[in-house]
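Please look through the sequence and the model below before reading on.

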Amino acid sequence: MNKIISGMLALVFVAVSVQAQHADAKAAARAMTAYNLDPHASKERLKEALAAILPDPVGEDVGDPKFYILKGEILNTLASQIVVVKETGLGSLDELPQVEGVAVKAFNAHATAVEKHAQAINSPGYLLRDVLKGIQESQGHLYNFGIYAFETRDYGSAYLNFSSGLAAHEILKKEGQESVLDDAIAMMDQKYTTALAALNNNMTEAARPLFEELYQANYDQAAIYESLYTIHASGEDADLQTAYQYLKTGREKYPGEVSLLFAEINHFLKLNRPDELIDKLKMAIESEPDNLTLYITLGGVYDNLYQRESAAGNSDLVGNYFDQAFSYYHQALEKDPTNFDALYSSGTLYYNRAAGLTTTLKELSRDFSAAGMEKYEKREAEVFAAFGKALPYFQSAERINPNSVETLIALKEIYARNNEPEISNALNERLENLQQGGINETAFFNE
């Protein structure tokens, strides 16, 4: 989107002919007159004008539209100077007066002038023409300052500027004046940036109607569908069914949009529906083959399926799901052997297998026949083998993150089962240190 509204680089010289009643307004008018005679040589005059006009008006100025017109003109002048410095690099922002939200303040001053003009008895028509020109100028500033704020992730300020731009349009159209948002595409663009700023600033209720309008207008941005999903899937009144319909529509319209695919993956993760995730994660891996999180997530999906089928006794599915889980964890480790999540997940996969096998040992221990004892010893060997395969993954994970409570618990239990109490106790001491708020400065399994 264009950062500068046409004509904004030109310096704006404000001819002030306001005969204000209040001393501060008079001082501001005099300072601006001096400033406009030579803007480069009299920057201090702009500071004087701002200092005089920014305080709240008193007395007759409270209801005088001329006061607010002057205030808006002075703030617009400062906004113009800031835009020139930002876009040309000529001069320094530090040399200019510092006014927070200058573009919004300028617009608000002009909007107040419109109200005061309407309320005043016999207020001359030229005042309304002057203030509407000021609002037209403010539109450009509001857009530019909204972009500046958005680029620095100051989404609250971005929203104030963008939404004020929309409000400026409404005032201008009510008074039959031209607006930079008369163009339908420009209007949709403005509403889109306003909605994004609101959502990024957690202003869901402000973002919702804007995104709904863009959706109805079939505005061509994939982020609309992800945003509407986020809005409807969050909060106390979350409606996942409605939320998913937006996401589904977006996926159909933008099948190659990775962000929508990831949103859909997270949706099914939230619903704990692993079966529907597999194809989507595989598609995501094709799009981003170096994204290790995708491999680990898909490994986790297969891991969950393995545990589910294991608990259900479906032995024909268990082996395949286990192998698939390990395969994707392993693929992540092939790309990065030091990835903690992949190491920990691989260890957990084998640890859970061992724990599952352990539950059957009690039943087998009741059979004292030769055949029964043989089955027990075979199963016990399988348990130790699974724990043995889990061990090196947990050791490597602890080496990378010695402050992982879960890793230390698993290691402590494995060494206890291996009848190595000295190591198990040492690991337990490190675990207790973490649980009491301490940290482990170094890894236990240093190479």
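In which loop does N218 lie? N218 is found in the loop between α8 (204-216) and α9 (223-233), where helices (H or I, at least four residues) and strands (E, at least two) are DSSP runs numbered from the N terminus. This is a predicted model, in which local features need pLDDT of at least 70 and side-chain atom pairs count only at pLDDT 80 or more, while totals for chains, interfaces and linings use all residues. Residues are numbered from 1 along each chain as its sequence is written, and side-chain values use heavy atoms, with hydrogens and water left out.

Most residues other than glycine have a negative phi. N218, however, is a residue other than glycine with a positive phi, near 60 degrees. N419 is not a glycine either, and its phi is positive at about 60 degrees; this residue sits in the loop between α18 (405-417) and α19 (421-435).

The next topic is helix packing. Two packed helices are described by the angle between their axes and the distance between the axes. Axes here are lines fitted to C-alpha atoms, for helices over the stretch in contact, and angles run from 0 to 180 degrees between N-to-C directions.

Begin with helix α11 (residues 258-270) and helix α12 (residues 278-287), whose axes come within 10 Å and cross at roughly 150 degrees. The two helices are therefore roughly antiparallel to each other, a term for angles over 145 degrees, whereas those under 35 count as roughly parallel, 65 to 115 as roughly perpendicular and the rest as oblique. α11 passes α12 in a left-handed crossing, meaning that the near helix is turned anticlockwise from the far one by less than a right angle. Among the residues of α11 that meet α12 are F262, I265 and F268, and the α12 residues that they and their neighbours in the contact meet include L281 and M283, contact being heavy atoms within 4.5 Å. The residues of this contact divide into eight nonpolar, one polar and two charged, where Ala, Val, Leu, Ile, Met, Phe, Trp, Tyr, Cys and Pro count as nonpolar, Asp, Glu, Lys and Arg as charged, and the others, Gly among them, as polar.

α12 also packs with helix α13 (residues 292-312), and their axes come within 9 Å and cross at roughly 160 degrees. α12 and α13 are therefore roughly antiparallel to each other, and their crossing is left-handed. The contact includes I278, L281 and I285 of α12 and L294, L298 and V301 of α13, and its residues divide into 10 nonpolar, one polar and one charged.

α13 in turn packs with helix α14 (residues 315-335) at an angle of about 160 degrees, with their axes 8 Å apart. That makes α13 roughly antiparallel to α14, and the crossing of α13 and α14 is left-handed. Among the residues that meet here are Y295, G299 and Y306 in α13, and Y321, F322 and Y328 in α14; the residues of this contact divide into 15 nonpolar, five polar and three charged.

One more feature is formed elsewhere in the sequence. α3 (65-88), α4 (102-119), α5 (125-151) and α6 (155-174) each supply at least two residues of the lining of the largest pocket. By class, that lining has 11 nonpolar, five polar and four charged residues.
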